[in-house]
Amino acid sequence: YPRDTHQGHIARACLDGIALSIHDLLASMTKDFGEHIAEMKVDGGAVNNNLLMEIQASVSKLKVIRPEVIETTAYGAALACAIGSGHIDFDGIKELWKEDRTFEPINNLTPFYETKYHQWENAIKRLYL
């Protein structure tokens, strides 16, 4: 491989870093609560990136579900106003949530990300422990 680094390499490393960080959080939650997490519903601007969602599903080995409305902070505030004004009731919120796309782990990437996660863990330990 050439030894130079391009913008695409940096961008991919950033996406991998996001997914690995979130996987750390999921692993901590699983350990703390003793419950297996089978799927994750996501929101926020970064979830528009299909590659990030594919990486997340493969790193975490779970289903990642993206809603049609990804900016849920503003959406939540609007729903609170609608409930407060009596336009909908609390149970009506469930009917408004719609799935946009589901991302499943890509099996041939799972071993790659298992190795990458172990490298990530070692790097984090060297930095912070």
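1. Helix H5 covers residues 110–128, and Leu 127 sits in it. (Helices, H or I, are DSSP runs of at least four residues and strands, E, of at least two, numbered from the N terminus.) Keep in mind that this is a predicted model: local features need pLDDT of at least 70, side-chain atom pairs count only at pLDDT 80 or more, and totals for chains, interfaces and linings use all residues. Residues are numbered from 1 along each chain as its sequence is written, and side-chain values use heavy atoms, with hydrogens and water left out.

2. Is Leu 127 buried or exposed? Leu 127 is exposed, at 62% relative accessible area. The cut-offs are under 20% for buried, over 50% for exposed and partly exposed in between, with a 1.4 Å probe and protein chains only.

3. Leu 127 also belongs to a nonpolar surface patch with Tyr 128 and Leu 129, and together they have about 460 Å² of accessible area. Areas come from the Shrake-Rupley method with a 1.4 Å probe; for residues, only the protein chains shown count as cover. Patch members need over 30% relative accessible area and no salt bridge; like charges are joined within 9 Å, nonpolar side chains (Val, Leu, Ile, Met, Phe, Trp, Tyr) within 5 Å.

4. A salt bridge here is a side-chain nitrogen of Lys or Arg within 4 Å of a carboxyl oxygen of Asp or Glu. The structure has six salt bridges.

5. Asp 16 has a salt bridge to Arg 12 as well, at 3.5 Å, N to O. Those two are four residues apart in helix H1 (residues 7–33), so about one helical turn separates them.

6. Over to the strands: E1 (residues 39–41) and E2 pair in the parallel sense over three bridges. Pairing takes at least two DSSP bridges between the strands. Which residue of E2 is the bridge partner of Glu 39? That is Lys 63, and Lys 63 forms a salt bridge with Glu 39 too, the closest N and O atoms being 4.0 Å apart. Lys 63 in strand E2 and Glu 39 in strand E1 are 24 residues apart. Lys 63 is partly exposed at 29% relative accessible area, and Glu 39 is partly exposed at 38%.

7. E2 is largely enclosed by the rest of the structure, because four of its five residues are buried. Arg 66 lies in this strand (residues 63–67) and is buried, with 6% relative accessible area.

8. What does the side chain of Arg 66 reach? One of its polar atoms lies 2.7 Å from the backbone oxygen of Val 47, and a 2.8 Å polar contact joins it to the side chain of Asn 50. A polar contact is a pair of N or O atoms within 3.5 Å; within protein, one must be able to donate a hydrogen and the other to accept it, and residues adjacent in sequence count only if both atoms are side-chain atoms. Leaving aside neighbours within four places in sequence, Arg 66 is in contact (heavy atoms within 4.5 Å) with residues including Met 53, Glu 99, Asp 100 and Phe 103.
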